[in-house]
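Try each task before reading its solution.

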Amino acid sequence: MNKKVVGEVFSQVSKLYDPFLKGITFGNIDRWQRDLIELLDNEGNRLDVGTGTGEVLKKSIVKGLKVGIDLSIGMLKRAKTKCTDCHFILADAENMPFKDASFRSITLSLVYRHIDDKKAFLKEAYRVLEKGGHICILDINRFLGTRILTFIMRYPIKPLGLLMFGREKWDFFLHSLESSLSLSEIKKQLEGENFKVIHIKTYLFGLVYLLKASKL
């Protein structure tokens, strides 16, 4: 699915995204995002990639700029109404419109698996981070439990998903889940682009992971 279509899909679901996310994570998304934020210091500028409705930036307190990028104009409009002290930009994570070393930290909440060219993104993340800066990723881990969640989305809650989002959008979310990477794969990707993984935590019996890496 090309980036334009991805942006359109998320724009179309932007009004329902927050309640859907709380439901699909059994109400845990707020706690997970706060855990992500607590791994980072409050100094410097923060970039939230695939910011969606801006929840991570809304929860963040930093002594610097809070900037969110996304491919979805609908999501960005929602984000701006929730987080008026933040800056939101329609931009591609694989080709970011920022100068070198612009940010102290980068966050991604349930976004990394959606990025098509992860190598290109990690090169960009390395470029725009300050030396010693950090990247934190919260996402779905591919392991046995992922199959269980895929089954749940394919069958028990599929009627609700179709009712809320329609077939094309629900199939997109399902495909993104099936495209999740394992922790070992993600660690290898990060280390291949000169990041050092320094913290890993899992939730829901390993289904969800929280990872922190530093720029070497």
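**Exercise 1.** Does D85 count as buried or exposed? Decide this, and then describe the salt bridge that D85 forms with K66.

*Solution.* Bear in mind that this is a predicted model. Exposed means over 50% relative accessible area. D85 has a relative accessibility of 51%, so D85 counts as exposed.

**Exercise 2.** Find where D35 and K201 lie, and how many residues apart they are.

*Solution.* Begin with the contact, a salt bridge of 3.7 Å from N to O between the side chains of D35 and K201. D35 belongs to helix α3 and K201 to strand β6, 166 residues apart, and the pair thus links distant parts of the chain. Next compare accessibility: D35, at 17%, counts as buried, whereas K201, at 35%, counts as partly exposed.

**Exercise 3.** Which element gives the largest share of the largest nonpolar core?

*Solution.* This core has 31 residues, and F10, L138 and V208 are among those that touch the most other members. Elements that give two or more residues to the core include α1, β5 and α9, and the largest share, 5 residues, comes from α9. Apart from this core lies another, of 30 residues, including I69 and F98.

How values were computed. Residues are numbered from 1 along each chain as its sequence is written. This is a predicted model: local features need pLDDT of at least 70, side-chain atom pairs count only at pLDDT 80 or more; totals for chains, interfaces and linings use all residues. Side-chain values use heavy atoms; hydrogens and water are left out. A nonpolar core is a set of buried Ala, Val, Leu, Ile, Met, Phe, Trp, Tyr and Cys residues joined through side-chain atoms within 4.5 Å. Buried means under 20% relative accessible area, exposed over 50%, partly exposed in between (1.4 Å probe, protein chains only). Helices (H or I, at least four residues) and strands (E, at least two) are DSSP runs, numbered from the N terminus. A salt bridge is a side-chain nitrogen of Lys or Arg within 4 Å of a carboxyl oxygen of Asp or Glu.
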